Amino acid sequence: MRLRYDDSVEAFRAELLEWLAANRPSPAEMAADPSVSTGHAPAWARRWTRTMFDAGWLVPGWPPERGGRNAGPVETLVYIEELAKARVPRTTNVQGLGIVAPSIFDYGTDDQIRDFAMPILRGQVTACLGMSEPGAGSDLASLSTRAVLDGDHWVVDGQKVWTSGANYADFCFLFCRTDPDAPKHKGISILLVPMDTPGITVRPLPEIVHPEHPDLNEVFLDGVTVPAANLVGALNDGWAMANGSLAHERGMVWVSAVMGLEESLDRLLSEAPMLLARLTPTERALAVDQIVRVAIDTQAARCLGYRGFAKLARGGTAPEQALMKLYASEARQRVALVAAEIQGADALDVGSVAMDGHLAVDEPQGTWLEQYFHSFANTISAGASEIQRNIIAERVLGLPRG
Amino acid sequence: MDFEFTDEQLLLRESARSVLESACPRGLVRSVYDRTGDGHELWATLVELDWPALGLPTEHRGLGLGYLEVGILVEELGRAVAPSPFLATATQLVPVLREAGSSFLLADIAAGRCTGTLAVAEGGSWRPSTVTTTARHADAGWVLDGVKSHVLDGATATEVAVVAKGDEGLGVFVVPRTAVTAAPRSVIDPTFPVATVTLDSVPVDGERVLVAPGDPSAPSVVERAVQEATTAMALSTVATCRAIFEATLQYAKDREQFGKPIGSFQALKHRLADCFLAVERATALAYFAALTIAEDDDRRAVATAMAKAAAGECQRLLTRDGLQLHGGIGFTWEHDLHFLLKRAKTGDLLFGTAAAHRAHLAQLLGLEAVA
């Protein structure tokens with residue numbers, strides 16, 4: 001155990017920082033044309049992705065032909081931290097780069113890699129992830145969007161919901177039922193579906209705060225034809241791939257969650273003198289205790305992240321990540337609530353979102369109360385906190401299924 | 001930050017655990033509770049295995065290992081609920097000697113001939129600023145007067161380090177236990193025996209004056225030594241909590257009601273997941289604090305307070321849920337669970353409760369000065 005990294009890691013960091021300083025998109029450029037959805041890549045974001053790809057900085061852990069430099073896990077961790085510190089998003093299309101592209105590399109054909117994954121890495125297209133349905137949320141395996149093979153193409157009918165970025169994405173990594181007679185986990189397949197295919201209707205779902213920038217969507221599929229060659233991996237093997245896809249997401253997601261948490265805490269600590277000055281001594285003591293608790297939570301999130309990372313780096317299992325997902329998202333919620341409550345009735349004022357170019361990226365936005373409501377995005381999506389507790393109990397602690 | 005233990009550290013943990021499994025079975029703990037034993041055979045075994053020498057410098061017959069290694073032994077002792085002078089000697093007396101730059105007693109400690117403790121608390125507070133025990137100049141040395149509370153092993157340790165206040169500020173002295181009046185308190189956990197130590201015109205001179213009042217390093221010696229002791233108490237407490245967690249998890253898998261293991265019910269699953277999270281959270285913060293001490297990082301004050309606060313918060317959940325989920329059997333004297341529960345509770349209440357450390361953090365984070 002050590003607080004500091006090896007010299008080789010520090011050399012990696014120095015090289016990255018130097019490259020970033022010379023090549024990063026400017027805050028002004030980002031603010032002038034902000035990304036308004038996780039499927040939306042403004043011109044600067046497309047250029048930036050391409051620049052990172054060409055220089056081997058897009059996914060450092062991958063080989064050069066896929067935009068990387070064969071970096072190790074510790075270097076990758078440093079990379080994610082430094083990008084977040086510099087307030088530069090790796091991509092505005094987080095699910096495309098983080099889940100869809102790696103899944104296509106893992107399970108797709110050479111043609112699919114060429115036509116779908118590589119264009120994501122080059123900043124040419126964005127992707128969304130078609131998983132949840134009105135009747136299949138936490139119980140994802142009960143999804144009912146049907147795909148029927150008809151000669152050389154599939155015909156898809158059904159409905160997806162909570163599809164982030166579908167209002168801008170170029171294609172969808174779509175989970176559908178291909179064998180309705182098989183047990184629910186064994187009849188699911190994945191198709192790559194261009195979003196401009198006739199029969200697809202996207203209806204944005206304005207969110208609980210900032211309804212002017214919806215990221216979530218309903219996606220209606222009505223007789224949508226998809227080439228047979230767009231089937232990813234083996235037929236009816238989609239559930240196993242779904243678990244693989246989400247593992248891609250969980251590996252390092254904690255870093256940005258922790259940094260978002262730290263940013264919220266820093267903001268709270270800087271506002272604290274002003275907020276506390278208005279309180280009576282007793283109120284102040286109670287408020288200070290709440291602030292200290294979230295300060296401990298924040299440091300704990302970072303340390304827990306490193307602890308889980310140490311396990312992951314030596315080949316531990318992905319379910320450990322459920323712990324970080326659960327903890328960081330709930331801690332984030334507590335910070336915002338603590339701050340809003342200390343603020344009192346002033347917390348009711350509606351703020352304007354500072355459009356600094358990465359609305360779509362995992363960063364605290366808006367007033368404390370808005371942040372509080374928005375924080376439920378993280379405790380509900382990608383496996384609600386209750387599902388994370390089940391995963392921890394069953395897969396990490398080995399408790400029997402109910 | 002790298003939170004991975006080295007192979008040597010993992011090996012040390014493994015061997016410590018296996019030593020304690022045979023030398024400190026629950027039956028030994030029970031004998032201490034029943035007052036039919038005091039754990040002296042265990043201490044003889046640990047001395048034979050060089051445990052007291054582990055963290056001491058090699059020039060004083062120590063093994064020259066660092067705070068992380070001492071911490072591993074502390075965790076294993078906490079896990080085993082071991083009655084042992086190790087914690088007070090290695091994480092309370094030794095740090096104050098080292099911080100004062102003194103080699104006094106070290107060779108005797110390494111050889112297991114001397115045990116010790118640190119008398120800093122008064123009236124249940126571990127903040128050095130609340131010390132009222134006095135140190136007066138007299139002849140060639142000093143004379144100490146005052147009452148120290150909750151001194152771990154205070155009635156049995158060979159040597160007692162005392163934090164006292166002179167006109168010029170805090171000082172640290174080490175006095176033989178025979179020179180003080182140590183009244184053992186009747187406490188809920190006899191494996192963590194504490195005593196009230198009364199100093200009635202106790203003379204100290206020579207090398208027993210570790211840091212004299214007025215020495216500019218005195219406040220930092222006290223603060224740093226207390227940080228080591230506090231973080232060690234956090235490590236011990238979290239390890240005990242992990243043992244509670246493991247026992248409770250096993251019980252939830254074994255105990256059947258309504259025809260299935262109670263651990264298959266979601267109400268219990270979610271509580272166990274939260275307990276696991278609390279243990280992991282407190283472990284992570286305790287390791288971070290241990291790292292800041294091992295590497296003398298300037299975040300050590302904040303890290304120590306966070307570690308002890310988190311250990312206390314963890315203890316609060318684990319003693320409650322550990323007992324509740326064990327049901328009636330955990331409520332009995334015959335079951336071993338209560339040894340763990342009482343040790344965890346004691347660990348929170350010694351060297352500052354979670355609330356006391358959060359209050360200290362308020363000061364360190366600049367929140368207390370706000371008016």
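Modeller: Two residues are in contact if their C-beta atoms, placed from the backbone, lie within 7 Å. The model here is predicted. By that rule, the contact between the two chains takes 36 residues from chain A and 38 residues from chain B.

Biologist: Which elements of chain A give two or more residues to the side that touches chain B?

Modeller: They are helix H7 (238–277), helix H8 (281–313), helix H9 (320–343) and helix H11 (385–396) of chain A. H8(A) gives the most, with 14 residues.

Biologist: How do the residues of that side of chain A divide into nonpolar, polar and charged?

Modeller: There are 26 nonpolar, 3 polar and 7 charged residues on the side of chain A that touches chain B.

Biologist: Within chain A, which domains are assigned?

Modeller: The assignment gives domain 1 (7–92), domain 2 (127–236) and domain 3 (249–396) of chain A. The C-alpha centres of domain 2 and domain 3 of chain A lie 31 Å apart.

Biologist: How do you know that domain 2 and domain 3 of chain A touch?

Modeller: The 7 Å rule for C-beta atoms is applied to residue pairs. It finds 7 residues of domain 2 of chain A in contact with 10 residues of domain 3 of chain A. By class, the side of domain 2 has 3 nonpolar, 3 polar and 1 charged residues.

Biologist: Now chain B. What are its domains?

Modeller: Domain 1 (7–115), domain 2 (118–217) and domain 3 (219–364) of chain B are assigned. The C-alpha centres of domain 1 and domain 3 of chain B lie 21 Å apart, and 19 residues of domain 1 are in contact with 20 residues of domain 3.

Biologist: Which helices supply at least two residues each to the side of domain 1 of chain B that touches domain 3?

Modeller: Helix H2 (26–33), helix H4 (67–79) and helix H5 (86–99) of chain B do. The largest share, 8 residues, comes from H4(B). By class, this side of domain 1 of chain B has 10 nonpolar, 5 polar and 4 charged residues.

Biologist: Why are H7(B) and H9(B) called roughly parallel?

Modeller: Angles under 35 degrees count as roughly parallel. The axes of helix H7 (residues 218–254) and helix H9 (residues 300–326) of chain B cross at roughly 25° and come within 8 Å. The angle falls under the cut-off, and H7(B) and H9(B) are therefore roughly parallel to each other. H7(B) passes H9(B) in a left-handed crossing. The residues of this contact divide into 14 nonpolar, 9 polar and 3 charged.

Biologist: What makes H8(B) and H9(B) roughly antiparallel?

Modeller: For that term the angle has to be over 145 degrees. The axes of helix H8 (residues 266–294) of chain B and H9(B) cross at roughly 155° and come within 8 Å. H8(B) and H9(B) are therefore roughly antiparallel. Their crossing is left-handed. In the contact of H8(B) with H9(B) there are 19 nonpolar, 2 polar and 5 charged residues.

Biologist: Where is Arg242(B) found, and why is it called buried?

Modeller: Arg242(B) is found in helix H7 of chain B. A residue is buried if 20 or more other C-beta atoms lie within 10 Å of its own. Arg242(B) has 23 of them, so it counts as buried.

Biologist: What does Arg242(B) touch, not counting residues up to four places away in sequence?

Modeller: Arg242(B) touches Arg79(B) and Val279(B) on that count. The C-alpha atoms of Arg242(B) and Gly312(B) are separated by 13 Å, and these two residues are 70 residues apart along the chain.

Biologist: Is Leu105(B) buried or exposed?

Modeller: The cut-off for buried is again 20 or more other C-beta atoms within 10 Å. Leu105(B) has 23 and is therefore buried. Leu105(B) lies in the loop between H5 and helix H6 (106–110) of chain B. Phi of Leu105(B) is near 75°, a positive value in a residue other than glycine.

Biologist: How do you know that Asp139(B) is exposed?

Modeller: Asp139(B) has 8, so it counts as exposed. The place of Asp139(B) is in the loop between strand E2 (134–138) and strand E3 (141–152) of chain B. Asp139(B) has a positive phi of about 50°, although it is not a glycine.

Notes. Residues are numbered from 1 along each chain as its sequence is written. Chains are lettered from A and ligands numbered from 1 in the order in which they are written. This is a predicted model: local features need pLDDT of at least 70, side-chain atom pairs count only at pLDDT 80 or more; totals for chains, interfaces and linings use all residues. Helices (H or I, at least four residues) and strands (E, at least two) are DSSP runs, numbered from the N terminus. Ala, Val, Leu, Ile, Met, Phe, Trp, Tyr, Cys and Pro count as nonpolar, Asp, Glu, Lys and Arg as charged, and the others, Gly among them, as polar. Axes are lines fitted to C-alpha atoms, for helices over the stretch in contact, and angles run from 0 to 180 degrees between N-to-C directions. Angles under 35 degrees count as roughly parallel, over 145 as roughly antiparallel, 65 to 115 as roughly perpendicular and the rest as oblique. A crossing is left-handed if the near helix is turned anticlockwise from the far one by less than a right angle, and right-handed if clockwise. Domain bounds come from an automatic or database domain assignment. A residue is buried if 20 or more other C-beta atoms lie within 10 Å of its own, exposed if 12 or fewer, and partly exposed in between; C-beta atoms are placed from the backbone.
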